Amino acid sequence: MFLGTREISQRRLTKAASRIAAETTATPIRLEGSGRFCDVLWVGVESGPWLGSLARLLSERLAPGTRPETFRPHLTVARARGRALPSDQQAKLSSYRGPTWQPASLTLVTSTLGPRPTYQIVESYPFA
């Protein structure tokens with residue numbers, strides 16, 4: 001889940017994430033289906049209700065006023081950056097259904113955008 005958290009202190013964010021992970025029992029997830037928005041191609045994450053509940057809880061505690069009901073779990077697999085995405089790529093992924101696996105932790109990641117975006121793990125917290 002992406003939260004624009006520039007105005008949230010890292011201390012507050014890590015404290016809340018630690019508590020939320022300790023209160024959350026994860027259930028198996030899988031990659032399934034695909035979609036596009038703007039110049040992004042994504043694969044869906046099928047998780048049942050628990051991942052949406054986790055997103056709402058994080059939003060309520062960390063970013064009041066966000067719209068967690070629009071949360072759609074996904075994994076970004078391609079960004080076109082101003083170019084058109086080949087339409088056949090989404091069609092090839094639309095019927096994909098991967099194996100299930102059990103998430104072990106909630107991981108906070110910071111991203112630095114730009115010509116070469118970077119991502120760095122801040123901390124991971126085990127689920128209950």
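Start by selecting residues 49-62 in this predicted model. That's helix α2: 14 residues, reaching 20 Å from its first C-alpha to its last, close to the 20 Å expected at 1.5 Å a residue.

Now show its side chains. Which residues of α2 are buried? Color Trp 50, Leu 51, Gly 52, Leu 54, Ala 55, Leu 58, Ser 59 and Leu 62. An α-helix has 3.6 residues a turn, so residues three or four places apart point the same way. Keep that in mind as you look along the helix.

What do those buried residues pack against? Bring up α1 (10-23), β2 (40-46) and β4 (105-112), and you have the partners.

Next, hide everything but α1 and α2. Their axes come within 11 Å and cross at roughly 145°, and the crossing is right-handed. To see the contact itself, pick Arg 12, Leu 13, Ala 16, Arg 19, Ile 20 and Glu 23 on the α1 side. On the α2 side, pick Leu 54, Leu 57, Leu 58, Arg 61 and Leu 62.

Time for the core. The largest nonpolar core has 20 residues, and the members touching the most others are Trp 50, Leu 54, Leu 62, Leu 106 and Phe 127. At least two residues of this core come from each of α1, β2, α2 and β4.

Center on Leu 106 and check its surroundings. Leaving aside residues up to four places away in sequence, Leu 106 touches Ala 17, Ala 21, Leu 54, Glu 123, Ser 124, Tyr 125 and Phe 127.

Now over to the sheet. Three strands form an open sheet, ordered β1-β2-β3, with antiparallel pairing. Select β1 (30-37) and β3 (74-79): these two stand at the edges with a single partner strand each, so one side of each has no neighbour in the sheet.

As a landmark, Leu 31 stands opposite Val 45 in β2. What packs on this sheet? Select residues 87-94, helix α3, which touches β1, β2 and β3. The direction of α3 makes about 155° with that of β1.

Last stop: the hairpin of β1 and β2, with two residues between the strands.

Note on methods. Residues numbered from 1 in each chain as written. Predicted model: local features only at pLDDT ≥ 70, side-chain atom pairs only at ≥ 80, totals over all residues. Heavy atoms only, no water. Helix = DSSP H or I, 4+ residues; strand = E, 2+ residues; numbered from the N terminus. Expected span 1.5 Å × (residues − 1). Buried < 20%, exposed > 50% of the residue type's maximum accessible area, 1.4 Å probe, protein only. Contact = heavy atoms within 4.5 Å. Core = buried A, V, L, I, M, F, W, Y, C linked by side-chain atoms within 4.5 Å. Pairing = 2+ DSSP bridges. Axes fitted to C-alpha atoms, helices over the stretch in contact; angles between N-to-C directions. Left-handed = near helix turned anticlockwise from the far one by under 90°.
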